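Colleague: I would like to learn how to read contacts, sheets and cavities from a set of coordinates. Could we go through one example together?

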Amino acid sequence: MSQIHILDQQNDRILDVITEKHILEDVHKQSLKDTLETYNFTTFTNKQFSQFLEKRNRLIIPGEDGEYREFIIEETIKNLNHQAEVYAKASYLEIKKQAIIYPQAFTGQTASQMIGHATNNTEWRPGIVEIDKYRTFEVDSHRNPFAFLKTIAKEIDAELRFRVETDGNRIIGRFVDLLERRGRWRGREATFGKDLASIKRTEKTDNIFTALVGIGPEREDGSHLEVLVEDQDALERWGRRDENDELQHLIGTYEPQSTSQDMTESELKQYTQTELNKRINAVIEFEADIVDLEHVPGLENKRFRFGDTIKMKYTGFEPPLYLEARIFEQERSIVDRSAKKVKLGDFTEFTEEEAQNVWKELQQQINQKIPESRLEEYAYSKPETDNITKDANRLQTGSINANTVPLKTASNGSQLAGGEGVLSKFVTQMPQYQHVGAQHVGAKPIANASFSIPDNFTIVSAELAISALPVRYQYSEQVSWTNVDQANILLFEFGQGYYDYAEESDAGLGFVTMETEWDTNDLFGINRWTPPRPSSNNPEIEMISADIKDIVEAGKDYHIKIESTGSNAPDENTGFLRTVVTIIGYQQ
């Protein structure tokens, strides 16, 4: 049963509990865009707990997965009808008032160390940090810890998560996590008429620019580095013609949030280009009411969470809407879990024709199963003599020692695996190494591979291996040795999904699944794979492998996608990877 615990604002002592029947209305809101979180609810003013709904006391509410969320009461409105409206904000926002970050420089610090600096002298401390990068931060003015945490996350392209831990009776820790990405893809698709109750599309064009002047940090002599970045396609779409019939830019300025006086022209141009890419298109927002089917018996796999990526289909728009998006904002009730309201961002929108074309391409790939002739290349011939059949049947029933009997075929048609080997072995590998890592601004090539397992195939062993070539990277006259940085290896079933393709760009290319997915941690037990950096004295191929026997199944099709989540600098993140899948077993 959902309930609200009220804690004393000075010592976290539990003052009282509001049970579910006394919560008349409530809404828990989270926003990824501005890192804000609130909890508002309506209850009674004439209950024992009512006296504690004031004086900045704290509230603890249940999350969606057994965790707890903490809030501070900031406003209470009591009405004549014996009801109170309570407005509370996330307790982590209070970190703004718990310390001051004075002007100073943090040189060569890890992400975990920086979180430690930001939370020093507060009641929060570093938690899970998934980023293993070194950075230099210069604080040129007094900052509050919350603003500094947001700067750290932005600088290293990560996301913050705040959480509390309890022992059942009291809070024992408040933690700041730094994650590569909150949420995940769980195979969730919402369809109008089924679990998509409503959807609203809003288009905003007030912040369109076709060119930006990037202005670097102030140097010691008071000057600033400046670069001009333009987008010709955006100019043709949004520019206005002057009296000479020439298109004029919509131009503005941009100053990266950095105080590094050593910023190069190339770095400033890259930062400015990245910012311009965000401003050349109309801002589209989708707001949707999605029925939460997670708590319906038999539909437990339909869950979705804040930060997750979901798919949506609505044929009521003209043209019909097919959408992949991320949950940027979520509103939920701890009492009524049957519906959620979400706002979406980071979306990819498809027309019906585009979605169908992609689906047809996927179907063609799925149908390209391993031909029987290829399987026979690795198979033993089927014995046909009565004596061999008898031996195999005895082997199957366990009446003889498998280690002393060669591989045989049983009378029921089973190709048995004996002590001397296996009947079938097939290997699926990329025909050549594929580029994964950083390239031009905004692009990170992705490696893709697919494989299928025949029907009625009993799997004895299955292995996925990834090899990485050492890379000698040369730019102008500078030479360095590098490899892929923070590779995320994904394995998922073929089924519903599509191929993400952007013409004239290799940014974000890859198969987007709507089915079961296993990530790097599921496969290899690590968050990301960064092969050891090679050297001119030791340019060896690095390899990582995983046992996938308990994951893959006969008669199914699978896809492998490898993407880099690491550095945007090519000299720090250029890799060439190859996948090899080896399946051993026997077929009936």
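Modeller: We will take salt bridges, then a sheet, then a cavity and its aromatic rings. Keep in mind that this is a predicted model.

Colleague: How many salt bridges does the structure hold?

Modeller: The count is 22. The criterion is a side-chain nitrogen of Lys or Arg within 4 Å of a carboxyl oxygen of Asp or Glu.

Colleague: Is glutamate 329 buried or exposed?

Modeller: Buried means under 20% relative accessible area. Glutamate 329 has 15%, so it is buried. Lysine 29, at 30%, counts as partly exposed.

Colleague: What is the N to O distance between arginine 58 and glutamate 123?

Modeller: Their side chains meet in a salt bridge at 3.2 Å. Arginine 58 sits in strand β5 (residues 58–62), and glutamate 123 in the loop between α1 (111–119) and β9 (125–129); the two are 65 residues apart. Arginine 58 is buried at 7% relative accessible area, while glutamate 123 is partly exposed at 30%.

Colleague: And how does the bridge between aspartate 245 and arginine 241 read?

Modeller: The closest N and O atoms of aspartate 245 and arginine 241 are 3.7 Å apart. Both ends are partly exposed: aspartate 245 at 49% and arginine 241 at 48%.

Colleague: How many cavities of 30 Å³ or more does the structure hold?

Modeller: There is 1, and the volume of the largest cavity is about 60 Å³. A cavity is then read from its lining. Its residues include Glu37, Tyr68, Glu70, Tyr92, Trp124 and Phe162.

Colleague: Which element gives the most to that lining?

Modeller: Strand β6 does, with 4 residues. Both β6 (68–78) and β11 (159–166) supply at least two residues. By class, the lining has 7 nonpolar, 1 polar and 4 charged residues.

Colleague: How is a pair of aromatic rings described?

Modeller: Two values are used: the distance of the centres and the angle of the planes. The structure holds 9 aromatic pairs. For tyrosine 92 and phenylalanine 162 the centres are 4.1 Å apart and the planes at 10°, so the pair is stacked. Tyrosine 92 lies in the loop between β7 (83–90) and β8 (104–110), and phenylalanine 162 in strand β11, so this contact ties together parts 70 residues apart in sequence.

Colleague: Are these two residues buried or exposed?

Modeller: Both tyrosine 92 and phenylalanine 162 are buried. They also belong to one aromatic cluster, formed by Tyr92, Trp124, Phe146 and Phe162.

Conventions
Residues numbered from 1 in each chain as written. Predicted model: local features only at pLDDT ≥ 70, side-chain atom pairs only at ≥ 80, totals over all residues. Heavy atoms only, no water. Buried < 20%, exposed > 50% of the residue type's maximum accessible area, 1.4 Å probe, protein only. 1 Å grid on protein atoms, 1.4 Å probe; cavity = no way out; pocket = protein on both sides within 12 Å on 5 of 7 lines; lining within 4 Å. Points joined across faces, edges and corners; volume = space filled by probe spheres on them. Nonpolar A, V, L, I, M, F, W, Y, C, P; charged D, E, K, R; others polar. Phe/Tyr/Trp six-rings, centres within 6.5 Å; stacked < 30°, edge-to-face > 60°.
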